[in-house]
Amino acid sequence: MFKPARQAARTGAVIAEALWAAGVPRDALRLVSLAATSGGDEGAIPAQTGTRSGACPSFGGDEGAIPAQTGTRPEACPTSGGNDDAIPAETGTRSEACPTSGGNDEAIPAQTGTRPRDLGSRLIADPRIERVILTGAYETAERFRRIRPDLPLLAETSGKNAIIVTPSADLDLAAHDVAYSAFGHAGQKCSAASLVVLVGSVADSERFRRQLLDAVGAYRVADPWDESARIGPLIAPAEGKLLRALTTLEPGQSWILEPRQIGDATWTPGIREGVLPGSEFHTTEYFGPVLGIMTAPTLDAAIDIVNAVDYGLTSGLHSLDEREIDRWLARIEAGNAYVNRGITGAIVARQPFGGWKKSSVGPGTKAGGPSYLFALGSWHDADPAGADPVPASNFAATARRILRIADPADRDWIAQALASDEAAYTGEFGRARDVQGMSVEQNALRYVPTPAIVRFEGGREAELLRVVAAAIRVGAPIEVSAVALPSAPLRELLIDSGITLRIEDAARWSTRVAGLAEARIRVIGGSADPIARASNGSPRIAVWAGEVTRAGRIEALPFLREQAVSITAHRFGTPRRYDIP
């Protein structure tokens, strides 16, 4: 279901017609006109529909947000992963999840008095919609969860992105990349640079400021039909926080380039300096052509400034010092990390896209990456095809101990899980992989162990043992919450592995969940519903509540965050390679 925002209605109609003409069946793509559903505004474009609505690719209309996307019964989506240890739960789609207005192939009758957002709200609230994929503001994700707290939501949301420039940087290159990252597309990209943090002597460098102003001054601001334009208008006239960012300075700040309004929705770039840690401009996403300059005495202090923001979408470093690059990569909290290049323009497979912290909602698997489809399915355990029992001698000491703890009836099952964990770690999770192998740019996807909670509601203790084993193999710091005391050998394993064990009944667990600001939770033997109720659907709590499988490729995902690292790997055409940990 394709529902363009009101101001994009005619554009949406052209896109839909092009897709239909290209062969997309009308019964798979429906166009809904906001103008038509709002009571027939002048200039309304008739919406069109097929008789069967097999998917709902888009609904939205929120100011400043890219339309959300949703599929019907996405656990049926086939993958090409070839994992032998797990199979998708179902195949087929539920077309009734996208309600139609009838079998008319021409137009959807207007609903008198229907507000533009009603369709989206009704779709989200309908229990037949099992997942929603959103690209938009974090506030939109909160709104969706207020409508339906238990909504399975996968979202790439906001970003407050920064580039750090150290004294060892190529300042010409840094000025160019900061300018383009901040003001390309008038700053209206979730990955755009909103801050630049100048370290040490660069903080006092008039040379860098002149270079930055020169780079920005080369961008002509004009309407899109002017072929010389580098910066065009905003998607709508600036208002609210963006208008404030373009017109109002905070105490201690000053303009080194003051923005000017030259059209209804067109502004020249603005650069302010004197932005202090903790100020509004430091922490707020504005989504427009305005950049703030901050300063730090050291690289670690600069990283602290960047990590203090609630978001973690993209981040950049300009430095030619390999020690600084290593330090930054070890500490930066962002899903896409860029070194000595701009921080926008991620390419599928080359730089899989998605953030950390408030920049991501749900499982956090990256769009365009090898794990994305795993988050769109519900998985059942299955026997590995043609697998023989795995000898205990094949495992490392910790794995052999896990095998000894298991009930004899479950040992073959646990052994297959441990073997799958090892294969997933050595083949995917345990190394940074550059699948493109470009000579002038390194693009590696790596997995960072992340804290998580394992909640054991009851059932086979082997399932708890299996999930703990997956977390231990990837090195994730976890804690276990259980309704009853596990067996003594399992408790000893948890203690020796540095894993905290909490015994919490349903009431105590719900109380703790209600106080969590952010968490990743793997539920065993229960559902996600109590967590959704206790947290009021907080988008900052990600829950995995599916069946426990032997597939290491699936079971390790709650304990890892993905990070795409992109590094310019040449100087003036001469290759300069880096070791990406």
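Residues are numbered from 1 along each chain as its sequence is written. In this predicted model, local features need pLDDT of at least 70, side-chain atom pairs count only at pLDDT 80 or more, and totals for chains, interfaces and linings use all residues, while side-chain values use heavy atoms, with hydrogens and water left out.

Helices (H or I, at least four residues) and strands (E, at least two) are DSSP runs numbered from the N terminus. Two strands pair if DSSP finds at least two bridges between them. An open sheet of 5 strands runs in the order E20-E19-E18-E21-E22, with parallel pairing. Strand E20 (500-503) and strand E22 (541-544) each have a single partner strand, so one side of each lacks a neighbour in the sheet. Strand E21 (residues 519-524) is joined to E22 by 4 bridges in the parallel sense, and Arg 520 stands opposite Ala 542 in E22.

Helix H13 covers residues 461-474. The buried residues include Glu 463 and Arg 466. Gly 475, with a positive phi near 80 degrees, follows H13.

A nonpolar core is a set of buried Ala, Val, Leu, Ile, Met, Phe, Trp, Tyr and Cys residues joined through side-chain atoms within 4.5 Å. The largest has 64 residues, and Ile 164, Val 165, Phe 208 and Trp 328 have the most contacts inside it. Helix H5 (residues 171-183) contributes the largest share of this core, 7 residues. A second, separate core of 44 residues includes Leu 465, Val 468, Ala 476 and Ile 499.

How values were computed
The expected span of a helix is 1.5 Å times one less than its number of residues. Buried means under 20% relative accessible area, exposed over 50%, partly exposed in between (1.4 Å probe, protein chains only).
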